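I opened this entry to keep track of what I looked up. The notes follow the order in which I went through the model.

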Amino acid sequence: MIVAKKRSLDAQLFGRLFGAFPVALAVIDRDLLIQYSNETFSKVFGLKGAALSLAVTKFLPFGEVENLVGCAMSERKSKEAELQLGSPPGGSAFFRTTVIPFALKGDLGSLFLVTLEDVSERVRLEEQLLQAEKLSAMGQMAASIAHELGNPLSVMITSLEYLRHAIPRSTRGLQEQIEIMEENAKRMHELLTSLADMSGLRRFQPEKEDIRKAVIPVLFFVGRMAEKSKVTVKSDLSSELPPCRIDLRQLKQVFLNLLKNAIESMPKGGTITVRTRCRCNLLLRADMQTGSFSEGSGFVIVEIEDTGKGIPPSDLETIFRPFHSTKKRGMGLGLSLCRGIIENHGGKIWAASQKGKGSCFIVEIPADCGL
Ligand SMILES: Nc1ncnc2c1ncn2[C@@H]1O[C@H](COP(=O)(O)OP(=O)(O)OP(=O)(O)O)[C@@H](O)[C@H]1O
Ligand SMILES: [Mg+2]
């Protein structure tokens with residue numbers, strides 16, 4: 001009677017101790033049958049109650065679990081392995097599985113405690129890291145190729161320019177062929193420059209400037225392209241912006257990419273609105289009479305809004321990944337290049353969109369109001 005009472009107390013204590021333990025636990029015997037399982041175990045495998053008397057191989061890969069138990073039994077010490085489970089209802093798939101032999105009545109190896117620690121998140125992060133390393137290795141390779149090919153290509157472009165001017169205008173056919181070669185060589189050069197920029201090969205040369213100096217020349221530059229596509233470009237550029245520390249050449253490239261994308265998103269024409277504004281308490285501290293700003297922190301914001309086809313919510317982040325493109329002839333490098341440059345400036349870039357109505361790309365750069 002006393003023994004039975006003690007056993008039930010043991011079972012209660014065992015249940016209390018391990019029931020809600022965050023690691024899935026099961027006690028199995030030599031035949032791999034479950035003698036005890038806790039709540040986390042049931043949760044992981046979507047069971048309503050405990051998994052009593054079921055074979056543990058119903059839940060874990062047969063060969064691997066048998067092997068772990070066999071080794072734990074013969075070596076009389078705990079064994080562990082990382083097992084991938086099909087797809088348990090909890091959605092996690094990788095578990096660090098430990099099999100620990102123990103004895104209730106002196107016979108070590110008659111029972112085994114199996115613990116299952118969910119390591120799916122760690123495995124996922126490792127995979128992401130590996131992917132990032134691969135990308136960075138690819139970037140470095142691309143950068144060195146870009147560097148090696150860039151110089152001879154520049155020489156070719158200069159020679160073609162020279163030829164085009166040197167050949168008499170009367171030889172129209174020949175001139176046209178040179179123009180085609182020149183245009184294509186320039187496109188290749190642009191691409192190589194983008195690759196080099198992406199891997200940070202080019203030097204970042206920031207200077208204290210008004211951000212409009214990076215916006216206005218690009219608006220002028222895309223004017224013809226927009227006109228051809230029946231796109232109207234409107235601008236609303238605030239003249240009360242604090243200066244920023246920016247690399248003008250790199251920022252022009254960002255705005256050029258964003259404007260090109262906006263034009264390409266409206267094959268039947270539309271409107272692009274470019275706005276600049278300031279998000280800070282700097283304006284409150286600004287001396288409106290002299291137009292100077294006192295020290296402080298804040299951001300200058302540039303928005304490029306279009307009335308194009310829009311971007312689905314699920315793509316708002318992926319569009320910034322390298323090689324993500326929905327265009328026939330797109331490389332998918334423009335936006336990832338933009339993000340690299342803006343982050344290098346200590347800023348942020350993101351997109352907002354309403355499918356069918358248009359998209360807005362927002363660039364935020366820290367203001368530099370130091371004296
Ligand atoms: N303004 C926009 N409206 C709708 N979709 C856009 C817009 N800007 C970018 N996208 C989407 O994001 C994708 C990635 O843009 P990104 O500029 O990185 O590459 P791309 O334009 O396809 O090629 P490229 O390397 O020549 O720039 C585009 O293919 C397009 O699907
Ligand atoms: Mg693009």
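**Cysteines.** I began with disulfides, and a search of the whole structure finds zero of them. This is a predicted model, so that result, like the rest of these notes, is computed from predicted coordinates. Cysteine 338 has a relative accessible area of 0%, and because buried means under 20%, cysteine 338 counts as buried. Cysteine 71 has a relative accessibility of 25%. That value falls between the cut-offs of 20% and 50%, so cysteine 71 counts as partly exposed.

**The chain overall.** I noted nine helices and twelve strands in the chain. The chain has 371 residues, and 36% of them count as buried. For contacts with a separation of 6 or more, I found that 61% are between residues 24 or more positions apart. I also looked up the accessible surface of the chain, which is about 22500 Å². Carbon and sulfur atoms hold 56% of that surface.

**Ligand 1.** Which residues come nearest to ligand 1? I noted Asn261, Ser325, Thr326, Lys327 and Leu335, out of 19 residues around the ligand. I sorted the residues of this shell by type and got seven nonpolar, ten polar and two charged. Then I checked which elements supply the shell: α7 (248-264), α9 (334-344) and β12 (358-366) each give at least two residues.

I went on to single atom pairs between the protein and ligand 1.

- Aspartate 306 has a polar side-chain atom 2.9 Å from a nitrogen atom of ligand 1.
- Glycine 332 has a polar backbone atom 3.0 Å from an oxygen atom of the ligand.
- Leucine 335 has a polar backbone atom 2.8 Å from an oxygen atom of the ligand.

Ligand 1 exposes 600 Å² when taken alone, and the protein buries 90% of that.

**Asparagine 38.** My last entry is on one loop residue. Where is asparagine 38 found? I located asparagine 38 in the loop between β2 (34-37) and α2 (39-44). Is asparagine 38 buried or exposed? Its relative accessibility is 2%, which is under the 20% cut-off, so asparagine 38 counts as buried. I then listed what asparagine 38 touches, leaving out residues up to four places away in sequence. The list holds Phe18, Gly19, Phe21, Val23, Ala24 and Leu25.

Terms used
Residues numbered from 1 in each chain as written. Chains lettered and ligands numbered in written order. Predicted model: local features only at pLDDT ≥ 70, side-chain atom pairs only at ≥ 80, totals over all residues. Heavy atoms only, no water. Helix = DSSP H or I, 4+ residues; strand = E, 2+ residues; numbered from the N terminus. Buried < 20%, exposed > 50% of the residue type's maximum accessible area, 1.4 Å probe, protein only. Contact = heavy atoms within 4.5 Å. Near = heavy atom within 4 Å. Polar contact = N/O pair within 3.5 Å; in protein donor to acceptor, adjacent residues only side chain to side chain. Areas by Shrake-Rupley, 256 points an atom, 1.4 Å probe, with all protein chains shown as cover. Nonpolar A, V, L, I, M, F, W, Y, C, P; charged D, E, K, R; others polar. Disulfide = S-S within 2.5 Å.
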